[in-house]
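Take a first look at the chains below.

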Amino acid sequence: MAYRGGGGRRHGPSAAFHPVSPGRLFTCRTPTHNICMVSDFFYPNMGGVESHIYQLSQCLIERGHKVIIVTHAYGNRKGIRYLTKGLKVYYLPLKVMYNQSTATTLFHSLPLLRYIFVRERVTIIHSHSSFSAMAHDALFHAKTMGLRTVFTDHSLFGFADVSSVLTNKLLTVSLCDTNHIICVSYTSKENTVLRAALNPEIVSVIPNAVDPTDFTPDPFRRHDSITIVIVSRLVYRKGTDLLSGIIPELCQKYQDLNFIIGGEGPKRIILEEVRERYQLHDSSKIRVRLLGALEHKDVRNVLVQGHIFLNTSLTEAFCMAIVEAASCGLQVVSTRVGGIPEVLPENLIILCEPSVKSLCEGLEKAISQLKSGVLPAPEKIHNIVKTFYTWRNVAERTEKVYNRVAGETVLPMDKRLERLMSHCGPVTGCIFALLAVFNFLFLTFLRWMTPDSLIDVAIDATGPKGAWINQYPYSRKRGRNKTR
Amino acid sequence: MCAQPVPNTTEIRWQKVLYERQPFPDNYVDQRFLEELRKNIHARKYQYWAVVFESSVVIQQLCSVCVFGVIWWYMDEGLLAPHWLLGTGLALSLTGYVLFDLLDGGEGRRKSGRTRWADLKSALVFITFTYGFSPVLKTLTESVSTDTIYAMSVFMLLGHLIFFDYGANAAIVSSTLSLNMAIFASVCLASRLPRTLHAFIMVTFAIQIFALWPMLQKKLKACTPRCYVGVTLLFAFSALGGLLSISAVGATLFALLLVSISCLCPFYLIRLQLFKENIHGPWDEAEIKEDLSRFLS
């Protein structure tokens, strides 16, 4: 552990940052913040939200901010852990209810979260994902404690059924007094503004990013026959049913076409049935390969084996998979849903309607282009795509949001109650206003029990007075997911 | 719509893309914000009289339950001779049977491929069995208190009305359950009648009014809508008349119920349509419209 305690051997304020390693570009012009990221979803769980939080935190640390992450305990992983560059993660002992999301009572997490917020002298709470109960709890408590709040929404949601009506109401309550909201695409912004009845001016669009050095093309590893790669969870929302129609259709038409499918899920069985029925996995020639669950680091090795990447999602706020595939130099064929049309320029993606017929036409177009050799070389595609989305850019834009939020005032209790009652409807508004009052009383009680002044202040691992020494400045880039 | 300072060059237009760095702040709101929002694209426009016409299915079913209740009351009081009910029931059933084939010129029969001999057989089997078991029916519920029987019958008939197939495509609809509940109610009530013959005739009548009559109604509605309206009115008035002979208050309440269902409810349905606000846009989850099972069959 490269950790050094406080005492007098701290860096002085003028030498506020880590020893500058090559390629690091930051200046002292912006104020630094103490940021606390809160979400139910974090490593060891894998997914878009998890890597977003991790990468964004790393880049914010690089820019000189203090960042801590709060999530719930994952099995044996509980307590405090330090990740790369001294990123401190609190795994809190909260009960998981459903789909890795904790239960919410709006109260039980206050003592713990308050302790952390005070201990770490947090100034900005940044919650992630509308599916995470912990994120909403943290927003609620932070507002009671008078801290500034930012929320990032990673997903799209409909308006049609009862469950979405209820969740949208809760989102309205949760976001009506949040300082700023970040969405990952313009479609997602429209969706969130409508769902939570927000002023669009307090919603920023900051896309996700992909580390282009992790996704480089390798033309020598490509198969000889044309190969279509699919990497996604095999669930209904990712359009696996469509895939079960596309595979037989195209395999019958093109004898030299292969499929590689990475990912696991309840719909895997229908792909296995299709493979069985159309005899696409003879021992001499396997035409449809099902790889099962992939680790994030293996995704690139699968992607580079193919020529065309197929995405059949039925809904998607920002599709990271297609950016990763394009970064590996593949031609992308995708459904035109959600924010996908905003992600890649027209010459790098073939957009189709979510139907077997349209997707087959799109794939055939890509195959004919590939055969006639009009597609650009993988290296060329990579060089275009790598400029689009970088985590440094995301961090820079998020920092602007933090700066803006830091200049805003947090609504005092009376204004907050007024906002809740005027903004969330007469019934819901009054109920949550009452809960906010209870929350405030509970906080007052906790402050009386253990005054803020009695809570130990934690030693900063990151930030201007960060005590973390980076022993391996850039050599451990590959092992960034490793935790101790 | 937006108060953001737009950069001085007017040529630079905001694009809804993420891959380009645009000279706008991240929270910029363009004129085109929410331009793909669509409202009520699947909403249906209703005509008042069409809705009133459709509500007649509910009216018919309410009246069926009412008529059944009235007949049972008359039998229980001994004011209605069972032979008379049997005769009328048989005559009406035969008329209905003939009408059933006449209405569509035997089209439905040819499609289903069911012969008259088969119809006769099932009718005979049913009548024989009900007749044979009617002594059992009579004594079936002797150990149960009469109040329990009444309460159970009321709940069963309510259930019959709730689960009946009025033509709506909903999960709650189950015509089998609905019919079973009605027959159960009729068996319960029949067991409280004075004699075995009464019980037999009551159950037969229940089959006629709850199983056969809705089938004929459906055909009437499809083939001769005008005739159907006439029949519904006639049926409703006879049910009201029957109820009036028992209780004036009950008849008034029932009349109010019928009027509110056939006139007031359609009016409110159309009025409330104005408040409908269904939002659609590019964020909606796409639907797979094709039949994908063909690839696996």
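Which residues in α6(B) are buried? They are B:Ser178, B:Met181, B:Ala182, B:Ala185, B:Ser186, B:Val187, B:Cys188, B:Leu189 and B:Ala190. Buried means that 20 or more other C-beta atoms, placed from the backbone, lie within 10 Å of the residue's own; exposed means 12 or fewer, and partly exposed is in between.

A word on the source: this is a predicted model, where local features need pLDDT of at least 70, side-chain atom pairs count only at pLDDT 80 or more, and totals for chains, interfaces and linings use all residues. Residues are numbered from 1 along each chain as its sequence is written, while chains are lettered from A and ligands numbered from 1 in the order in which they are written.

Stay with α6 of chain B, residues 175–190. Helices here are DSSP runs (H or I, at least four residues), as are strands (E, at least two), numbered from the N terminus. This helix has 16 residues and spans 22 Å from first C-alpha to last. That is close to the 22 Å expected, taken as 1.5 Å times one less than the number of residues. Its buried residues pack against α1 (48–77), α4 (116–140), α5 (146–163) and α7 (196–223) of chain B.

Now turn to chain A. An automatic or database assignment sets the domain bounds. Domain 1 of chain A covers 30–209 + 392–479, and domain 2 covers 219–387. Their centres, taken over C-alpha atoms, are 35 Å apart. Twelve residues of domain 1 are in contact with eight of domain 2; contact means C-beta atoms, placed from the backbone, within 7 Å. On the domain 1 side, helix α5 (residues 186–196) of chain A gives the most, with three residues.

Next, the cores. A nonpolar core is a set of buried Ala, Val, Leu, Ile, Met, Phe, Trp, Tyr and Cys residues joined through C-beta atoms within 7 Å. The largest has 130 residues, and A:Leu303, A:Ile322, A:Ala326 and A:Val332 touch the most other members. Both domains of chain A give residues to this core, so it lies between them. A second, separate core of 24 residues includes B:Ala182, B:Met202, B:Ala206 and B:Ile207.

Finally, the chains meet. Chain A brings 42 residues to the contact and chain B brings 22. On chain A, α5, β10 (203–205), α6 (240–253), α7 (268–277), α10 (340–343) and α13 (391–406) each supply at least two residues.

Note on methods. Contact = placed C-beta atoms within 7 Å.
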